[in-house]
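Hi everyone, thanks for coming. I'd like to walk you through a structure today, so let me put it up on the screen.

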Amino acid sequence: MPAHAKERPRGDAGSHCMRICARAWSPALSRFQSASIFGPCDTVHANQLREPVADSIASVEPTRRDFLYIATGAAAAVGAAGLAWPFVSSLAPDADTVAAGAPVELDLTPIAPGQIVKVFWRGKLIFVRHRTEEEIKAAQDVNLATLKDPQPDSARVKEGHAQWLVVYGNCTHLGCVPLGQQGEFKGWFCPCHGSVFDTSGRIRQGPAPINLPIPPYTFVSDTKIRIGEGATA
Amino acid sequence: MSKHATTYVPKSAFAKWFESRLPIVGLIHSSFVAFPVPRNLNYWWTFGGVLFFMLVMQIITGVVLAMHYTPNANLAFDSVERIMRDVNYGWLLRYLHANGASMFFVAVYIHIFRNFYYGSYKAPREVLFILGIIIFLLMMATAFMGYVLPWGQMSFWGATVITNLFSAVPIIGDTIVSLLWGGYSVGNPTLNRFFSLHYLLPFMIFGVVILHVWALHVPGNNNPTGIEMKSGKDAVPFHPYMTVKDGFSLVLFLIFFAWWVFYMPNYLGHADNYIPANPSVTPSHIVPEWYFLPFYAILRAVPDKLGGVVAMVAAILIWALVPWLDTSKVRSAVYRPLYRQFFWVWFAVCILLGWLGSKPAEGGYVIAARIATIYYFAHFLIILPLLGLFERPQRMPGSIVESVLGRGAAAPVPAGATAAPQTQG
Ligand code: HEM
Ligand code: FES
């Protein structure tokens with residue numbers, strides 16, 4: 001082992017070492033060292049003393065050190081990745097939040113034709129819309145080729161329940177709550193950046209990329225739905 | 001002059017003892033006392049000091065606010081009201097912190113426009129400039145998360161809209177958003193993690209600021225002429241010349257700050273944020289804080305979700321390429337007759353975008369925002385590279401000292417100075 005490293009004279013660097021750092025921090029200062037106002041600076045940089053010593057250590061026993069280097073590096077990489085996972089995973093919805101996603105039941109009888117009711121499931125807003133005859137007809141009489149996210153109305157309601165439209169209530173653009181019965185198609189209009197949805201909750205104009213998605217739900221009876229049935233975390 | 005500008009020499013026995021163990025006084029002395037700055041720095045160079053003051057100010061008011069604030073979705077709104085009504089001087093602390101964030105951005109925008117005008121981003125200051133962009137991004141993240149904390153309507157819907165931006169990322173977008181939320185929508189877990197990050201990020205900013213100052217002290221300051229310092233005659237020591245100039249500027253800035261705090265403390269905020277968060281109703285007109293408006297306008301100008309997000313992010317990241325997009329060898333706009341005009345056009349476009357960002361996204365506003373967005377990018381991608389090739393710079397003085405003392409009959413300084421009167425500081 002390089003015992004001489006310890007004995008190596010350090011010179012008087014200690015008493016001037018604030019100059020060392022001052023120069024490392026600001027060469028602009030040292031650029032003016034010759035100008036009388038900033039005074040001379042003649043200190044040796046501490047690193048310059050150590051460099052030759054470090055070289056001689058490296059050449060003594062390369063094989064064993066190389067092995068340790070690779071083994072330690074590999075262990076560190078695996079360890080860091082393994083340790084990072086719990087940290088990232090802890091940010092995901094926790095057990096409590098997932099459990100709060102138990103299905104909710106909704107009685108449809110009080111909802112009049114033309115009315116939109118808002119319910120929450122798993123913290124997410126859901127619109128339950130009792131569509132009128134005209135609204136259903138408007139949703140069905142659409143040339144699918146003109147749609148940004150083509151989907152027939154029949155694929156967005158449960159068979160035999162065309163009057164009930166159940167969709168997530170956050171705009172698929174950036175999540176605002178669109179206003180019901182507004183906009184060109186009298187479906188929804190999003191006040192944030194102007195997305196327009198039709199009476200089937202399909203995107204018709206504006207920046208939203210896709211239709212309002214349909215949450216998982218089933219009809220328990222003709223007048224009752226269960227939202228969240230069979231959902232996964 | 002030589003009296004002020006000596007390099008630090010510890011005098012007392014203790015100072016010597018200490019300096020030989022931790023040379024920090026010498027470091028401070030050489031960085032903020034003896035440090036040579038160009039003698040012609042004008043008041044646009046005083047905003048770095050203002051920014052540092054504002055960062056410290058936000059940290060101090062923030063730490064005290066955090067002693068009274070409760071980061072829980074059911075309690076946060078009321079705890080902020082308690083700060084306003086019950087805590088001694090709580091109203092002052094909160095108004096200082098909320099308006100302080102705005103003033104922080106006023107200062108940083110002045111600082112950034114200064115860099116663009118005087119070409120401070122050019123070699124050898126590219127890394128310094130990019131560190132500044134990183135600070136700006138961290139500031140935006142910090143201010144955004146801070147605005148969520150009072151848990152009012154604007155807090156909630158601002159958080160919803162901004163976190164949803166990440167859902168535009170292909171494939172992993174939804175996963176990212178759910179990791180940001182800690183749930184299926186913005187809620188209590190979101191508020192908790194935002195509070196934690198809002199506390200953390202200012203200290204990260206502090207760290208990057210140290211790197212920023214370090215990178216500044218390698219080449220030294222740029223200056224209104226854009227000519228490097230060539231001799232000691234071009235320079236003055238930081239103290240007392242810059243300390244007093246920075247100090248004076250800071251006092252004026254604080255008067256401006258105090259005027260907001262004491263006379264119109266809620267003007268820069270939104271009334272809707274005094275309504276508790278309601279996840280089933282979005283306010284009819286949601287807009288971000290004023291300092292995000294130009295970028296918000298760019299977001300909305302693009303009629304595609306992913307495209308809008310990309311354009312908004314690119315509007316800032318493109319700055320990092322400016323040292324290479326600007327092909328002119330001359331730094332300062334003072335000697336660049338064409339760039340000087342294009343700079344002001346671009347400046348006006350930025351202000352216009354800010355105004356458009358505050359308007360509803362419909363009709364003529366959207367069209368105007370599209371034109372302004374195209375111009376904004378054209379400025380960087382087309383105008384800057386071409387100007388350097390075609391522009392004929394004006395004659396420049398031989399040195400900083402010549403520009404100040406006007407030595408030589410043909411000194412072109414007055415011409416430049418009349419076109420840009422602020423350089424006469
Ligand atoms: C870069 C520095 C900072 C900026 C730009 C900033 C910005 C903001 C903003 C815009 C708000 C919302 C104010 C409102 O409308 O009520 C806020 C709130 C808050 N900030 Fe900061 N902040 C900073 C640093 C800090 C620090 C270091 C803390 C320390 C813990 C902190 C703690 C808080 C607390 C507790 C609130 C909620 C109380 C309130 O709403 O007034 N902030 N911050
Ligand atoms: S959030 Fe609805 S249009 Fe942007």
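Let's begin with disulfides: over all chains, this structure holds one. Please keep in mind that what you see is a predicted model. The two partners are A:Cys176 and A:Cys192, with 2.0 Å from S to S.

While we are on cysteines in chain A, let me mention two others. A:Cys171 is buried at 5% relative accessibility, and A:Cys190 is buried with a relative accessible area of 2%.

Now over to chain B and the ligand. Where does ligand 1 sit? You'll find ligand 1 in the largest cavity. Several elements of chain B give two or more residues to the shell around it: helix H3 (47-66), helix H5 (90-118), helix H6 (126-148) and helix H9 (188-217). H3(B) gives the most, with six residues. In total, 24 residues surround ligand 1, and among the closest are B:Arg94, B:His97 and B:His198.

For the polar contacts, let me go one residue at a time. B:Arg94 places a polar side-chain atom 2.8 Å from an oxygen atom of ligand 1. B:His97 has a side-chain N or O atom 2.7 Å from a nitrogen atom of the ligand. And for B:His198, a polar side-chain atom lies 2.7 Å from a nitrogen atom of ligand 1.

There is another histidine in chain B to point out, B:His29, located in helix H2 (residues 24-32). At 14% relative accessibility, below the 20% cut-off, B:His29 counts as buried. A polar atom of its side chain lies 3.0 Å from the backbone nitrogen of B:Tyr8.

Last topic: backbone geometry. As a reminder, most residues other than glycine have a negative phi, and most peptide bonds are trans. So which residues have a positive phi here? One of them is B:Trp151, with a phi of about 55 degrees. B:Trp151 is in the loop between H6 and helix H7 (153-165) of chain B, and is buried, with a relative accessible area of 6%. Its C-alpha atom is separated by 7.0 Å from that of B:Ala73, 78 residues away along the chain. Another is B:Ile171, with phi near 65 degrees. B:Ile171 lies in the loop between H7 and helix H8 (173-181) of chain B and is exposed, with a relative accessible area of 85%.

And where are the cis peptide bonds to look at? One runs from B:Ala123 to B:Pro124, with omega near 5 degrees, and B:Pro124 is in the loop between H5 and H6. Another joins B:His239 and B:Pro240, with omega about 5 degrees; B:Pro240 is found in helix H10 (residues 238-263).

Notes
Residues are numbered from 1 along each chain as its sequence is written. Chains are lettered from A and ligands numbered from 1 in the order in which they are written. This is a predicted model: local features need pLDDT of at least 70, side-chain atom pairs count only at pLDDT 80 or more; totals for chains, interfaces and linings use all residues. Side-chain values use heavy atoms; hydrogens and water are left out. A disulfide is a pair of cysteine sulfur atoms within 2.5 Å. Buried means under 20% relative accessible area, exposed over 50%, partly exposed in between (1.4 Å probe, protein chains only). A residue is near a molecule or strand if one of its heavy atoms lies within 4 Å of it. A polar contact is a pair of N or O atoms within 3.5 Å; within protein, one must be able to donate a hydrogen and the other to accept it, and residues adjacent in sequence count only if both atoms are side-chain atoms. On a 1 Å grid over the protein atoms alone, a cavity is a set of points where a 1.4 Å probe fits but cannot get out, and a pocket is an open set with protein on both sides within 12 Å along at least five of seven lines; lining residues have an atom within 4 Å of a point. A molecule sits in a cavity or pocket if more than half of its atoms lie within 2 Å of its grid points. Helices (H or I, at least four residues) and strands (E, at least two) are DSSP runs, numbered from the N terminus.
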